[in-house]
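Open the model in your viewer and keep the selection panel at hand. The tour goes stop by stop.

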Amino acid sequence: MRLGIDIDDVVANFVPSFLRYHNKKRGLSIKYKDIKTYDVNEYSGISKDDLWEDIKEFYQTKEFHNLPPVKGIELLSKNKHDIYFVTARLDSTEQSTINWLDRHNLIQDDNRLFMNVKNKGQFCKMLNLDVLIDDNIKNLNTCEENGIIPVVFDRPWNQSCDFPRKYRW
């Protein structure tokens, strides 16, 4: 089976670390468990553009380069499926993403990394993937539209969907 796997909040715990940074920078107290939609800017009272600026700044921090892994990801290195990492992360984070995946033994000869993917459904179809595991409902909807099996990695912001749900690795 050919698996597409998102990175942030599927194998790397991005949102908790970003929230600490974002809360400190903006003087906020947003809690991880309280985020019920994918758009964090709805909770911070800033525009999407300002949120993206904060994310780009966070990409330059030590905290980003040392994101904690999602518990159990070491099982991926024992997986017999073809794994393709499909992420919306910006191209500017490619080397740090490769380094992170390598530190956690997730890059192997047959694995692939694709950065800055805008429409994951079309992209997964182009790669002839069977499944995408992601935390973003919009990405999973595009997969379903393109004949890719969507699997949602359980997070507070994706409770409103009925896709098959993965709770842990």
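**Stop one: a helix and its partners**

Select α5 first: its buried residues pack against α4 (62-65), β2 and β3 (112-114). This is a predicted model. Now pick out those buried residues, S96, T97, W100 and L101. They lie on the same side of α5, because the arc they cover around the axis is only 135°. Step past the end of the helix: N105 follows α5, and its phi is positive, near 55°.

**Stop two: the cores**

Next, select I5, V11, F14 and W169. In the largest nonpolar core, which has 34 residues, these four touch the most other members. Elements giving two or more residues to this core include β1 (2-5), α1 (14-26), α5 (94-103) and β5 (149-153). The most come from α1, which gives 4 residues.

Zoom in on W169. Which residues is W169 in contact with, leaving aside neighbours within four places in sequence? Among them are I5, V10, V11, I73, L76, I133 and F153. Apart from this core lies another, of 15 residues; Y84, V86, C124 and C143 are among them.

**Stop three: the largest pocket**

Two or more lining residues come from each of α1, α3 and α7 (137-145). The element that gives the most to the lining is α3, with 4 residues. Colour the lining by class to finish: 14 residues are nonpolar, 8 polar and 11 charged.

Note on methods. Residues are numbered from 1 along each chain as its sequence is written. This is a predicted model: local features need pLDDT of at least 70, side-chain atom pairs count only at pLDDT 80 or more; totals for chains, interfaces and linings use all residues. Side-chain values use heavy atoms; hydrogens and water are left out. A nonpolar core is a set of buried Ala, Val, Leu, Ile, Met, Phe, Trp, Tyr and Cys residues joined through side-chain atoms within 4.5 Å. Buried means under 20% relative accessible area, exposed over 50%, partly exposed in between (1.4 Å probe, protein chains only). Contact means heavy atoms within 4.5 Å. The arc is that of the directions from the helix axis to the C-beta atoms. Ala, Val, Leu, Ile, Met, Phe, Trp, Tyr, Cys and Pro count as nonpolar, Asp, Glu, Lys and Arg as charged, and the others, Gly among them, as polar.
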